[in-house]
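Please keep the sequence and the model in view while reading.

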Amino acid sequence: MVLAVDAVSAAFVVASVRGRTDGPPERPGAWLLTTARRKAIDNIRRRRRFEDRLPQLVDDHLERTPGALGDDQLALIAGCAHPALDSEAQVALTLRYVCGLTTEQIARSFMVPVETMKKRLTRAKQKISAAGVPFQVPAPERLPERLATVCGVIYAVFNEGYASAAGPDLVRGSLCDEAIWLSELLCGLAPDDAEVHGLAGLVLLTDSRRAARTDADGLPVLLEDQDRATWNHDKIERGLAHLEQASGLAGSGPYQLLGEIAGVHARAHSIADTPWERIVELYDALIALHDAPVLRLNQAAAVAGARGDAAGLALIDGLGDQLGDYRYFHSSRAALLARLGRSEEAVEAYTRAIELTDNDAERRWMVNRRLALLEVHTNPTTQRL
């Protein structure tokens, strides 16, 4: 889609230049289509040449000691995490130029407008150029100061794979697999870091539910409706082992706490068996370390499980000013409103969530939920969701 948009834009640029000298073409539509197709082909050829030459460029310019960090991509991520940049710019730059995420995907990850993210990326590149920041792999002894950013990048890649912000599919398994592989590779490079093991445990335990996360049509399946027999028990065991190792190391950080929350879900045999109060406590500890509206939204879901839907909804409603443009704020609110029998309000919340959703699978699922609620609202004899 991005390639097509870029090609059409380039065709219009050519048309604006040639039109001043040659005048408009005899068949403007056909001319634009042909020109855009040629531009797309040129872009594809340039991209292939770049991909073919990238390994040699890495060898030539990173001056990497063989085996110093173990994996080229992980080394590149660590190299981009230069302390001259703030942590947000480090993560955004690495996601864009090392992991290949689009500016639109990164903007959604940071919950900012696309234009805002474009400006941030531009400023970061300008700072690198002005400061003469060397693009090279850090020495192993310098890796600890960059671990937080490397973990942030790996987790952002995993999140984009597990809940893709845009496109036809909810889950992009290749990104999940890559994030898991990198996280466990990082454990080998920093075996005494609790947060690194916490991250590995988190992504493994979360991804263990992948097979149950979507139905035969690719639509989302909520946690309470998932067939836990299909969860990947090998990943659960590996994830819990990483958490066990993290618990024996000094310090407790966000990834370890998030991993513990995922571990609680992995150990529970059903939604009814889930110790929701324990999850609320873990979110309390997490928010004390790093307060963020999205974390409070997730905590509200746990509060709903522990203390009832009305209690969870009250917490979610208090986040409206901060998360008004976040699709999961509205879909989470809609689900609780529906369970409380407030169908008309739930329909409105799903409508707003649909407007904010660029993922086709999520949008179709929300549309189905909204239609079911409309049937309940118009026909009171219909069984409620």
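In this account, a residue is buried under 20% relative accessible area, exposed over 50%, and partly exposed in between, computed with a 1.4 Å probe on protein chains only. The model is predicted, so local features need pLDDT of at least 70 and side-chain atom pairs count only at pLDDT 80 or more, whereas totals for chains, interfaces and linings use all residues. Residues are numbered from 1 along each chain as its sequence is written, and side-chain values use heavy atoms, with hydrogens and water left out.

A salt bridge is a side-chain nitrogen of Lys or Arg within 4 Å of a carboxyl oxygen of Asp or Glu; the structure holds 20 of them. Helices (H or I, at least four residues) are DSSP runs, numbered from the N terminus.

Glu115 is partly exposed at 48% relative accessible area, and Lys118 is partly exposed at 37%.

Other pairs connect separate helices. Arg307 and Glu277 form a salt bridge whose closest N and O atoms are 3.1 Å apart. Arg307 lies in helix α13 (residues 293–307) and Glu277 in helix α12 (residues 276–289), so the pair ties together parts 30 residues apart in sequence. Glu277 is partly exposed, at 36% relative accessibility.

Arg333 and Asp317 meet in a salt bridge of 2.6 Å, N to O. This pair links helix α16 (residues 327–339), which holds Arg333, with helix α14 (residues 309–317), which holds Asp317, across 16 residues. Finally, Asp177, Asp207, Arg210 and Lys235 are linked in a network of salt bridges.

Methods:
Helix = DSSP H or I, 4+ residues; strand = E, 2+ residues; numbered from the N terminus.
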